[in-house]
Amino acid sequence: MAESDEFRSEVVEWLAENCPNEMRHPIESDDDVCWGGRGWAFQSTAQEIWLRRMAARGWTAPGWPKEYGGGGLSPEECRILDQEMRRIAARPPLEGFGLSMIGPALLEFGTEEQKTAYLPPIINGEIRWCQGYSEPNAGSDLAALRTSAVRDGQEFVLNGQKVWTSYADRADWIFCLVRTNPEAKKQRGITFLLFDMQSAGVSTRPIRLISGSSPFCETFFDNVRVPVANVVGEIDKGWDVAKYLLTHERETIARGGSNLFDANDLNAAAAKAATQTGGRLADEILRAEIARAAIDTHAFEATRARYLEETEQGGSLGPRSAVAKLTGTEFNKRRQELLVSLQGLESFRWENGASESSTGRSWLRSKGNSIEGGTTEIMLEIIAKQILELPKD
Ligand SMILES: Cc1cc2nc3c(=O)[nH]c(=O)nc-3n(C[C@H](O)[C@H](O)[C@H](O)COP(=O)(O)OP(=O)(O)OC[C@H]3O[C@@H](n4cnc5c(N)ncnc54)[C@H](O)[C@@H]3O)c2cc1C
């Protein structure tokens, strides 16, 4: 038996024994996601058991080194685990910016002390992270950020404001870009800092959205003191860490978490809508669009798999993360439009602020996909400059 077959059998057996039945349903809304963190209240015993069992094997971060509590799996083994989890519709046991963003950045740029201190609590779902990048006048032009960090002995003193900080009001720690050298060229005077959201002087204010929920906040820093030891990479050279982290963020958004690009719910909605018309949708154009969406999804998944194979030796996708993000998010928006077309007004049945169907909310949420992690226009710019090497003008 080939090594990979042996590993697959081991995974199948282990999942059969250890994945609770309640965790074998696709995630339908934010309420089903396990984010972890100090204040996390598990939605069910099954959710807690599932996290504990997966974390004990290091399979919440299957590709991270074992010495920090990860699974130590090869890229091929990670793929097999992913495939087998999908086969039984097993939910990811844990989500969050720790796993998708700051963890990979620490593995690349962190000191040994930082990796040892921060990676195990991420893997075990003990600390929840948020991302302090955007500011009121620094979004696409991120390097224009102005939150200042002034050195005072072995600490920095921070003052300023971040915006669109997803889940800042629920996060335990933040990874944050600050300006440490106002004299240097924009990108050069930026430092990448980590600190506890409970630090004196940190406050957050949720921003309410059209979808009814409020995933993000304005975040304010008023003389927040952060140890110099919490710098990732070098002082004034945080831009390199920031850019590396963004490639992981874009890949994650492209993948859309657990089931964003899964064509199954589209097929199921089509089948349900067709029951009134003899098993076949009456609208020819809608039929063709659904078929196209399914084909595009498969093509996209194949391209993503190829990209990830090409980076098997570690590292990030680099500018190819912009291709993945652009394509994945545009597909998801189209898929959400199709779901709304299939369900019609039912998608928007709102009662007491809560929708009876998640379709309308997901459709509204998908609008943000082509903004978060860098807008579609910025992705096109990266592709034009860094992949196609087109002339500037
Ligand atoms: C759902 C969601 C979650 C988010 N979560 C976080 C988070 O956790 N932490 C965080 O720090 N930020 C977060 N953001 C913020 C996000 O990173 C920014 O919204 C994004 O980078 C765009 O910045 P902006 O909103 O300032 O828009 P702007 O940069 O002002 O852009 C406005 C418009 O101008 C276009 N534009 C700007 N510059 C150019 C250019 N050079 N060429 C062509 N077109 C251009 C843009 O494409 C856009 O259409 C989140 C955003 C969303 C939607």
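A: On the surface, I387, L388 and L390 form a nonpolar patch, with about 270 Å² of accessible area together. This is a predicted model, in which local features need pLDDT of at least 70 and side-chain atom pairs count only at pLDDT 80 or more, while totals for chains, interfaces and linings use all residues. Residues are numbered from 1 along each chain as its sequence is written, and side-chain values use heavy atoms, with hydrogens and water left out.

A patch is made of residues with over 30% relative accessible area and no salt bridge, like charges being joined within 9 Å and nonpolar side chains (Val, Leu, Ile, Met, Phe, Trp, Tyr) within 5 Å. A salt bridge, in turn, is a side-chain nitrogen of Lys or Arg within 4 Å of a carboxyl oxygen of Asp or Glu. The areas come from the Shrake-Rupley method with a 1.4 Å probe, and for residues only the protein chains shown count as cover. I387 has its place in helix α11 (residues 376–387); helices (H or I, at least four residues) and strands (E, at least two) are DSSP runs, numbered from the N terminus. At 34% relative accessibility, I387 counts as partly exposed, the term for values between buried (under 20% relative accessible area) and exposed (over 50%), again with a 1.4 Å probe and protein chains only.

E389 belongs to the segment after α11, and its phi is near 50 degrees, a positive value in a residue other than glycine. With 64% relative accessibility, E389 counts as exposed. Another positive phi in a residue other than glycine is that of D236, near 75 degrees. D236 sits in the loop between β8 (231–232) and α6, where it is partly exposed at a relative accessible area of 21%. As background, most residues other than glycine have a negative phi.

A nonpolar core is a set of buried Ala, Val, Leu, Ile, Met, Phe, Trp, Tyr and Cys residues joined through side-chain atoms within 4.5 Å. The largest such core holds 38 residues, and those that touch the most other members are I102, W129, Y133, F175, F192 and L194. Two or more residues of this core come from each of α4 (97–109), α5 (112–123), β4 (173–179), β5 (190–196) and α6 (238–255), with α4 giving the largest share, six residues. At least three residues of this core come from each of domain 1 (3–95) and domain 2 (129–240). Another core, of 19 residues, lies apart from it and has C130, A149, L193 and V228 among its members.

Contact here means heavy atoms within 4.5 Å. Leaving out residues up to four places away in sequence, L194 touches I102, L106, Y118, W129, W173, I174, F175, V226, N230 and V232.

The domain bounds come from an automatic or database domain assignment, which gives domain 1 (3–95), domain 2 (129–240) and domain 3 (260–387). Between domain 1 and domain 2 the C-alpha centres lie 31 Å apart, and the contact takes five residues from domain 1 and five residues from domain 2.

Charged pairs complete the picture, the structure holding 24 salt bridges. In one of them the side chains of E48 and R52 meet at 3.3 Å, N to O; these two residues are four apart in helix α2 (residues 45–56), so they are separated by about one helical turn. Both partners are partly exposed, E48 with a relative accessible area of 30% and R52 with 44%.

A salt bridge also joins R87 and E84, whose closest N and O atoms are 2.8 Å apart, and both residues lie in helix α3 (residues 75–87), three residues apart, about one turn of the helix. Here E84 is buried, with a relative accessible area of 5%, whereas R87 is exposed, with 60%.

In the salt bridge of D296 with R334, the closest N and O atoms are 2.6 Å apart. This pair links distant parts of the chain, 38 residues apart, with D296 in helix α8 (residues 284–310) and R334 in helix α9 (residues 320–343). D296 counts as buried at 18% relative accessibility, while R334 counts as partly exposed at 26%.
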